[in-house]
Every structure is written in C-alpha cells, then in structure tokens.
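Subject: Structure handover

Hello,

Here is the structure we spoke about, with its sequence. My notes on what turned up in it follow below.

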Amino acid sequence: MTFNSLINSHYGKTDLTGKILWHLKEKGIDLNHLSWEDLTSFDQFHGGQLKTTLWLAEETGLGSGMHVLDIGAGIGGCARVWCGKFGCKVVGVELAEEFCNAAQKLNSLVGMDDKISFIHGDIVEIDLPDDAFEVAMFVNTLMNIQDEASVFKKIYRSLKPGGRLAITTRTATPTTYDGFLYPCPWASDESTNFLSSPESTHSDLANAGFSDLLWNVKPGEKSSDPMPVSSEPSPFELIMDIDVPAMIRNNIINTRAGRLGSLRAVVIKEM
Ligand SMILES: C[S@@+](CC[C@H](N)C(=O)[O-])C[C@H]1O[C@@H](n2cnc3c(N)ncnc32)[C@H](O)[C@@H]1O
C-alpha cells in the first residue's frame with residue numbers, strides 16, 4: 001500500500017460528510033444557521049481540543065487578515081476557529097480525501113468558503129508559494145511525516161519574513177519501539193508512525209533556518225497511577241472508522257510506559 005492509501009484508510013471514514021450532517025441534525029442543529037461554534041465538540045481532531053487551538057492562536061499572535069497554513073488540517077476544525085474568532089484566512093493541506101470533503105462542506109455551511117481553502121494532497125509532494133503566510137501550524141500531524149527536514153525547509157520558504165511556525169506533536173523516547181501498541185491515534189501500524197525525538201526535530205528546524213521562540217518538551221515518563229477512566233464517548237468516534245476505544249487505551253498505555261513524550265514549539269523565520 002502507498003503512504004497515501006495507508007493514511008486514507010487510517011483516517012478516512014466512508015461518507016464522513018453524510019455522517020457528520022446526520023449527527024448535527026440528530027442534535028437538532030439547523031444546518032441553515034450553522035456556526036463554527038456548533039462544530040467544536042467534534043471537529044478539533046487533537047488531544048488538547050479547543051483549548052490547544054486557542055493556545056496556538058495566542059502563541060503565534062493570530063490577527064485579522066493574517067494568512068495561515070494549516071498542515072494536516074483534518075476536517076478543518078482549527079481553521080474555522082482561527083477564521084471565525086481571529087479573522088484569519090486559512091489554507092489547509094490534507095491528505096485524507098474524506099476529511100477534505102467534510103471540511104469543504106462544513107466551511108461552506110458556516111459561510112467561510114471564501115476564507116478557508118483546502119488543498120487535497122501530501123505536504124511532502126505539493127508546491128507552496130514563497131513568502132505567502134504569516135503563520136504555519138502543525139497540529140498533531142508531524143507524527144506522520146517521515147522527512148521532517150525537507151518539509152521544514154519547504155515551510156520556511158512559504159513563510160513571510162517574521163513568520164512563525166507552531167507545532168504540537170507527540171515525540172519519540174529511547175524506548176518508543178519497545179512494545180509500542182497499535183492502533184494509536186495517528187497510525188494503525190508502524191508503516192505511518194514516524195515519531196521523532198525533540199532533539200532531531202530541533203536540529204531539522206534549525207537547519208531549515210528557524211530560530212526558537214518557545215520550546216516546551218515533556219519527556220516520556222513511566223507512570224503507575226491508576227488508568228484514567230472516561231464515561232464520555234470520544235468525539236473521534238464520529239470521524240474515524242478504526243477501533244477508537246482501543247486507540248485511546250493504547251495511547252494511554254504507550255504514554256504511561258514512557259514510550260511517548262510531547263513537544264509544543266513556536267519557531268520564527270527571522271526578518
Ligand atoms: C491527528 S490529525 C490532526 C488534524 C488537525 N490538525 C486537527 O487538529 O484537527 C492528523 C492529520 O494529518 C493528516 N496528514 C498526515 N500526513 C499528512 C501529509 N503528509 N500531508 C497532508 N496531511 C497529512 C491526516 O490525514 C490527518 O487528518
């Protein structure tokens with residue numbers, strides 16, 4: 001299988017758009033008066049949910065009219081928040097076709113299709129315009145990127161001088177691949193799991209030309225605290241076809257075994 005088909009089978013859900021519209025109708029939401037706020041209970045496709053999306057906006061200084069590149073944009077949840085709350089124009093790059101279709105339909109229903117555009121493609125392969133964006137975001141996408149070094153160079157070129165790149169990601173630890181459990185949130189097996197250590201990501205960013213503004217690493221740590229239990233169904237159940245409870249359980253076990261760290265970073269293309 002190609003990388004493209006592996007990503008599409010992990011993330012894609014057949015007729016995702018139809019299922020989301022059905023879900024909204026079941027909740028009694030009038031699709032003729034839909035707002036981006038009606039969608040945030042399920043369209044923020046990362047662990048930190050809306051809180052992290054807003055944190056990214058603050059850390060990168062998002063403001064009205066700014067052009068944002070969202071890499072691995074999912075179903076457009078972050079893009080609609082940055083557009084609706086901060087007045088940005090967003091270009092999303094997304095490899096999963098069902099996600100692109102759902103994003104475009106939701107953007108249109110909330111009246112944002114003139115402010116948000118989606119490119120269906122692989123960030124590794126597509127061309128980006130030079131000096132085009134004030135901000136680029138990698139929200140829990142880097143774990144699927146094998147050749148970080150060349151992607152960071154591409155993003156550096158596409159940012160305007162003074163532009164910022166923000167990253168939230170899970171990271172590799174020295175014991176990541178000792179019994180790593182699948183499915184995990186970003187991969188059904190090892191073929192699309194490309195975790196990097198924070199040191200390797202830092203060196204690839206520096207080689208691309210970026211300077212640090214914020215570098216916050218949480219190293220992998222073993223924990224024997226009781227497993228957290230949630231009675232709430234995960235919002236990811238609506239958008240993924242894979243076994244979501246198993247995926248969440250594996251993610252907790254991998255984290256507690258010290259196989260996963262995390263990184264939050266903001267870097268800048270100096271003037
Ligand atoms: C965990 S989801 C995060 C989605 C979104 N950033 C959010 O937070 O709502 C990761 C996304 O990255 C996309 N992706 C992974 N590798 C990609 C690549 N090489 N090019 C473009 N998109 C990619 C996946 O299809 C998936 O939608």
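**Ligand site**

A backbone N or O atom of Phe45 lies 2.9 Å from an oxygen atom of the ligand. Please keep in mind that this is a predicted model. On its own the ligand exposes 590 Å², of which the protein buries 98%. There are 23 residues around the ligand, and those that come nearest are Phe45, His46, Gly72, Glu94 and Asp122. Helix α1 supplies the largest share of this shell, with 3 residues.

**Aromatic residues**

Phe45 also belongs to an aromatic cluster, together with Tyr11, Phe99 and Phe236. Searching the whole structure gives 10 aromatic pairs. One of them is Phe3 with Phe194, a tilted pair with 6.4 Å between centres and 40° between the planes. Phe3 is in helix α1 (residues 3-11), while Phe194 is in the loop between β5 (159-172) and α7 (198-208), so this pair ties together parts that lie 191 residues apart in sequence. Phe194 is buried because its relative accessible area, 18%, is under the 20% cut-off. Phe3, at 26%, is above that cut-off and therefore counts as partly exposed.

Tyr177 and Phe180 form another tilted pair, 6.3 Å centre to centre, again with 40° between the planes. Here Phe180 is buried at 9% relative accessible area, whereas Tyr177 is partly exposed at 47%.

**Ser196**

Which loop holds Ser196? Ser196 is in the loop between β5 and α7, where Phe194 is also found. Ser196 counts as buried, with 15% relative accessibility. Its side chain is joined to that of Glu148 by a polar contact of 3.1 Å. Leaving out residues up to four places away in sequence, Ser196 touches Glu148, Thr171, Ala172 and Thr201.

Regards

Technical notes
Residues are numbered from 1 along each chain as its sequence is written. This is a predicted model: local features need pLDDT of at least 70, side-chain atom pairs count only at pLDDT 80 or more; totals for chains, interfaces and linings use all residues. Side-chain values use heavy atoms; hydrogens and water are left out. Rings of Phe, Tyr and Trp (its six-membered ring) pair if their centres lie within 6.5 Å; planes under 30 degrees apart count as stacked, over 60 as edge-to-face and the rest as tilted. Helices (H or I, at least four residues) and strands (E, at least two) are DSSP runs, numbered from the N terminus. Buried means under 20% relative accessible area, exposed over 50%, partly exposed in between (1.4 Å probe, protein chains only). A polar contact is a pair of N or O atoms within 3.5 Å; within protein, one must be able to donate a hydrogen and the other to accept it, and residues adjacent in sequence count only if both atoms are side-chain atoms. Contact means heavy atoms within 4.5 Å. A residue is near a molecule or strand if one of its heavy atoms lies within 4 Å of it. Accessible areas come from the Shrake-Rupley method with a 1.4 Å probe; for residues, only the protein chains shown count as cover.
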